[in-house]
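Colleague: Hi, could you walk me through this one? I have a few quick things to ask.

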Amino acid sequence: MMSPEKQETAAAVRVLGRWPSPFVIRVLIALRLKGVEYEFVEEAMGNRSELLLASNPVHRKIPVLLHRGRAVSESLIIVQYVDEVWASQAPAILPSDPHARAAERFWGQYVDDKFPTAIRVLRGKVAGDKDEAAAQVAAALVHLEEALVQCGRGKGYFGGDSLGYLDIALGSHLGWVRAVERMARVCLLDAAKLPNLAAWADRFCAHPAVADVMPETDRFVEFSVNNDGVPPKAAHTNSK
Amino acid sequence: MAEKGVKVFGMWASPMVIRVEWALRLKGVAYEYIDEDLGNKSDALLRYNPVTKKVPVLVHDGEPIAESAIIVEYIDEVWKDGYTIMPADPYERAQARFWAKYADEKCNAAIFPVFTATGEAQSKVVHEAQQCLKTLEKALEGKKFFGGDAFGYLDIVVGWYAHWLPIIEEVSGVSIVTEEELPLMKAWFDQILAVDVVKETLPPRDNTSRKTLIYTGSRAQGQGALVPVGNTNRYQRFPPTAGNLPESLPRQRIEVLGFLEGFRDIGLFHIASMHQKRVWV
């Protein structure tokens, strides 16, 4: 049973979302990194709550962060907001050096250009050429392998010693990357070709700020099977 | 020995490039401007931005940064004692970034079809563009600039509308930002065009000494050249191959519609300098 103070604090930060969304996962990781208590308000599938519609009237999408009576939307914008509001709490999510910040923001935007649509295609959630989608993700990961070496400078994360903005931006997609590797039977994160990223991926998923909010691959696969339409092995059945 | 100084790789008609110039000029930072022929990108550009190969790229003491909105934040952070570009408050910053993303993703996508649609389809896309801009306009309520009293980050990101939207309207024969539909935006256009750094950098709109631009269309889509319809203000598509264009077409000057980074599917512009003779590209 939470103390009244903790209850008030927890209610002071709320996240509207659903667990399988990598965008929601980003926000949760950022809050956990900063040690900020929050209330997770689960949005029902296919049925937007009044609260969501009121908080994000422009896009009507999750995640939304509610803090001090105001709403912040767009996952990477929320992550930066969390970093700035709780700037006094370590670790810093974005680095302090302006060039390093710009590089992480650049790659974060790159991730959002290359991954979401391709993953939806590979999941079977939207129609598209799966081979092309897989090639796009694989090509993007080649660039990101290089970026990891450059940004991380031989340390464990894109952020160096500690998990940061770009780790969150890319790492949040790992749940689905691993799930679609299994469902579409493709190898996207090839450990032989992308040794640094492969090691980073395991490290990321095991991080305390991540482990509880990004479940095992099985759960993502199960979610996809139940929600994304045609199941992965439906090749020869009469499917609608 | 590391190179020193600031370079901007750009294309003179690009509204994304101009954001970077505005930010640098607000800070009083001297820079070397390198104009790129996007149909024939320089080795330097490709070396500095091998991932997306686009302009603008800022090179600061030899280190490149790409993506215009990201470059603007970088400039604000490096030259932090100069003019304040980003708001100080984290919530205001989040709002500014939110609307910048909205404008670049939604509004630009809504505006582009105005340029290419005709007839009834065009009135539909004009309406959609207006709806998008009306949403953005809410962020102007009670303020002179998006940044409040002073020209700020969001003004830098969307300020190009003040110059380019009237041009798009003229070339396409439509009205988008009107007193009736978008009064706040219309008033804001005047504020933007009065800002010193904006005045210093805008490409000429009504320029008699002229560069004439022939839109050669998207290589990927083969959309072809835009050529005038008789003596009207309207333009129509023409097959893409240079040299097929008939001699009898009147020479027209069209303004550059600098759709580069935001409108990925429109392809490239080629600049042809046409003084007294016809040069097709």
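**A chat about the model**

Modeller: Happy to! Arg60(A) lies in the loop between helix H3 (50–55) and strand E3 (64–67) of chain A. Keep in mind that this is a predicted model.

Colleague: Okay, is Arg60(A) buried or exposed, or partly exposed?

Modeller: Its relative accessibility is 39%, so Arg60(A) counts as partly exposed.

Colleague: And which residues form the positive surface patch with Arg60(A)?

Modeller: Arg48(A), Lys61(A), Arg120(A), Lys125(A) and Lys106(B) form the patch together with Arg60(A).

Colleague: Nice. What about the prolines: where is Pro63(A)?

Modeller: Pro63(A) is also in the loop between H3 and E3 of chain A. The peptide bond that joins Ile62(A) and Pro63(A) is cis, with omega of about 0°.

Colleague: Which other peptide bond is cis?

Modeller: The one from Ala90(A) to Pro91(A), where omega is near 0°. Pro91(A) sits in the loop between helix H4 (75–85) and H5 of chain A.

Colleague: Good lead-in. What is the phi of Arg68(A)?

Modeller: Arg68(A) has a positive phi of about 50°, and it is not a glycine. You'll find Arg68(A) in the loop between E3 and strand E4 (70–73) of chain A. With 61% relative accessibility, which is over the 50% cut-off, Arg68(A) counts as exposed.

Colleague: And Lys53(B), what is its phi?

Modeller: The phi of Lys53(B) is near 60°, again a positive value in a residue other than glycine. Lys53(B) is in the loop between helix H2 (43–48) and strand E3 (57–60) of chain B, and its relative accessible area of 39% makes it partly exposed.

Colleague: Changing topic: where is Arg101(A)?

Modeller: Arg101(A) is in helix H5 (residues 98–114) of chain A.

Colleague: Buried or exposed?

Modeller: Buried, because its relative accessibility is 14%, and the cut-off for buried is under 20%.

Colleague: What does Arg101(A) touch?

Modeller: Leaving out residues up to four places away in sequence, Arg101(A) touches Leu94(A), Pro95(A), Ser96(A) and, from chain B, Glu77(B).

Colleague: Last one: how many helices and strands does chain B have?

Modeller: Chain B has nine helices and eight strands. Of its 281 residues, 53% are buried. Its accessible surface is about 12600 Å², with 49% of that belonging to carbon and sulfur atoms. For contacts in chain B between residues at least 6 apart in sequence, 67% join residues at least 24 apart.

Note on methods. Residues numbered from 1 in each chain as written. Chains lettered and ligands numbered in written order. Predicted model: local features only at pLDDT ≥ 70, side-chain atom pairs only at ≥ 80, totals over all residues. Heavy atoms only, no water. Patch = residues over 30% accessible without salt bridge, like charges linked within 9 Å, V, L, I, M, F, W, Y side chains within 5 Å. Areas by Shrake-Rupley, 256 points an atom, 1.4 Å probe, with all protein chains shown as cover. Salt bridge = Lys/Arg side-chain N within 4 Å of Asp/Glu carboxyl O. Lys, Arg positive; Asp, Glu negative; His and termini not counted. Charge placed at Lys NZ, Arg CZ, Asp CG, Glu CD. Helix = DSSP H or I, 4+ residues; strand = E, 2+ residues; numbered from the N terminus. Buried < 20%, exposed > 50% of the residue type's maximum accessible area, 1.4 Å probe, protein only. Contact = heavy atoms within 4.5 Å.
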